[in-house]
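This briefing is intended for a reader who has the sequence and the coordinates at hand. The points below are grouped by topic.

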Amino acid sequence: MKYRFLQLHVLTAFGPSNLNRDDLGMPKTAVFGNVPRLRVSSQSLKRAWRTSDVFQSALAGHLGIRTKKIGQLAMEEMLKAGLDEKNAFEWSKLIAQAFGKLKEGEEADQTADGGEEPAGKGKRGKGKKGENNEVETLVFLSHEEREAIIALARTLAQSKQAPSSDQLALLRKGNATVDIALFGRMLTADKSRRAETSDRPQFSVEAAAQVAHAITVHRAVPEDDFFSAVDDLNKDEDTGSGHLGDLGFGSGVFYEYVCVDRDLLVKNLGGNTELAARALRALAEAVASVAPTGKQKSFASNARASFGLAELGDEAPRQLTAAFLKPVEASEVDMMARAVERMRGLVKKFDEVYGFDGLRLHFNATDAVASELDQGVETDARPRFRQFIDFVALGLDEGGGDAGE
């Protein structure tokens, strides 16, 4: 495929918000250019995108789930189909073990007379002491694997026979699950059952997308919001606060960077170029319009990117973070426009030093002038963002021909 790499560079302004918290509940931070910045982790961004309405509507039927509760999923399906609880629990453990090592057992739930609940009773997923149908680590299940688990659970309930080793071969290599193809998954062998699970790593998927941590283009530090709540019915006694608390927040212009190996994406999707095109369009739209929902009800941190640059090429990818090594100063009135100018300047300098044999398209909702960034594309009368979304999938819709054709 011509133009192997897609690179997205996006600038988004967020008002006071707490998109991604650290262990103390404060916005995450980083030091860059020897000054503190606010940060949103790549893990937080990826989860927000893949669970967004954008992904759900564009890629329905092609999305996976991350869970430890594979056994519970199978057990509930068997119980719904009428299988007794003991067998449902025992067989759900076998199904879960196909995907990961089972979690260490816990004390069984106790009945009122001090006896143990039978397997599957009480809190679902727990049986006798030392038994559990939950896997230790999160497993990224493909859509196809989830459907296979459900189908097997129904079959076992109908046959009332334990699953065979062939039936437990539930892992799939040929998945059409977009979020796994983009963000990858890692599976390991179970050391205690290596002979049975030695092939499990073969079902790992190398991520086609690289996602950087988003950082502010300027100096930024978290702040504390001291707040109080009033007891509405407390009118005659002490009329002070019914509750006191504090909440961290921050604000700024964030630079986000994403790189996708389009060849690897198509390979991960079994050669389905049409689905790869849909995936890239959904990803580009999510990057520009979806943010983590941390403390969303408190801050209404809904934002759209003010600037985006998409690049298609075969050369080694590179970030544009160096444009902000020297932080944009608060004295510069329009920090967003100044950030665009910084980015444009670095792109042109990189071109002069390294050259650029690819295509570029941008959208721009700032006062900065950036039209010279476009390269090798013809624009039309549609809103620029819609052109941007189509650009990222160039050459894929018609079976993966050359993007320049």
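**Lys103 and its surroundings**

Lys103 touches Asn132, Glu134, Val135 and Glu136, residues up to four places away in sequence not being counted; contact means heavy atoms within 4.5 Å. The model is a predicted one, in which local features need pLDDT of at least 70 and side-chain atom pairs count only at pLDDT 80 or more, while totals for chains, interfaces and linings use all residues. Residues are numbered from 1 along each chain as its sequence is written, and side-chain values use heavy atoms, with hydrogens and water left out.

- Lys103 lies in the loop between H4 and strand E5 (139-141); helices (H or I, at least four residues) and strands (E, at least two) are DSSP runs, numbered from the N terminus.
- Lys103 is partly exposed, with a relative accessible area of 32%; buried means under 20% relative accessible area, exposed over 50%, and partly exposed in between (1.4 Å probe, protein chains only).
- Between the C-alpha atoms of Lys103 and Glu134, which are 31 residues apart along the chain, the separation is 5.6 Å.

**Chain as a whole**

- Twelve helices and eleven strands are present in the chain.
- The C-alpha trace spans about 75 × 75 × 40 Å along its principal axes.
- Of the 405 residues in the chain, 49% are buried.
- The chain exposes about 20,100 Å², of which carbon and sulfur atoms supply 47%; accessible areas come from the Shrake-Rupley method with a 1.4 Å probe, and for residues only the protein chains shown count as cover.
- Among contacts between residues at least 6 apart in sequence, 75% join residues at least 24 apart.

**Nonpolar cores**

- The largest nonpolar core has 58 residues, of which Leu8, Trp49, Leu182, Val260, Leu265 and Leu283 touch the most other members; such a core is a set of buried Ala, Val, Leu, Ile, Met, Phe, Trp, Tyr and Cys residues joined through side-chain atoms within 4.5 Å.
- Helix H9 (residues 273-289) gives the most to this core, contributing eleven residues.
- Leu182 is in contact with Phe55, Ala207, Ala208, Ala209, Val260, Leu265 and Leu283, leaving aside residues up to four places away in sequence.
- Another core, of 29 residues, lies apart from the largest one and has Ile70, Leu79, Val135 and Leu152 among its members.

**Packing of H3 and H4**

- The axes of helix H3 (residues 70-80) and helix H4 (residues 85-97) come within 8 Å and cross at roughly 145 degrees; axes are lines fitted to C-alpha atoms, for helices over the stretch in contact, and angles run from 0 to 180 degrees between N-to-C directions.
- Ile70, Gly71, Ala74, Met75, Met78 and Leu79 of H3 make the contact with Glu85, Ala88, Phe89, Trp91, Ser92, Ile95 and Ala96 of H4.
- These contact residues divide into ten nonpolar, two polar and one charged; Ala, Val, Leu, Ile, Met, Phe, Trp, Tyr, Cys and Pro count as nonpolar, Asp, Glu, Lys and Arg as charged, and the others, Gly among them, as polar.

**Positive phi values**

- Most residues other than glycine have a negative phi.
- Tyr3, in the segment before strand E1 (5-17), has a positive phi near 65 degrees, and Tyr3 is buried, with a relative accessible area of 8%.
- Lys160, in the loop between helix H5 (143-159) and helix H6 (178-183), has a positive phi near 55 degrees, and Lys160 is exposed, with a relative accessible area of 56%.

**Helix H12**

- Gln387, Phe388, Ile389 and Phe391 are buried in helix H12 (residues 384-391).
- The cover over the buried residues of H12 includes E1, H9, strand E10 (307-313) and strand E11 (359-364).
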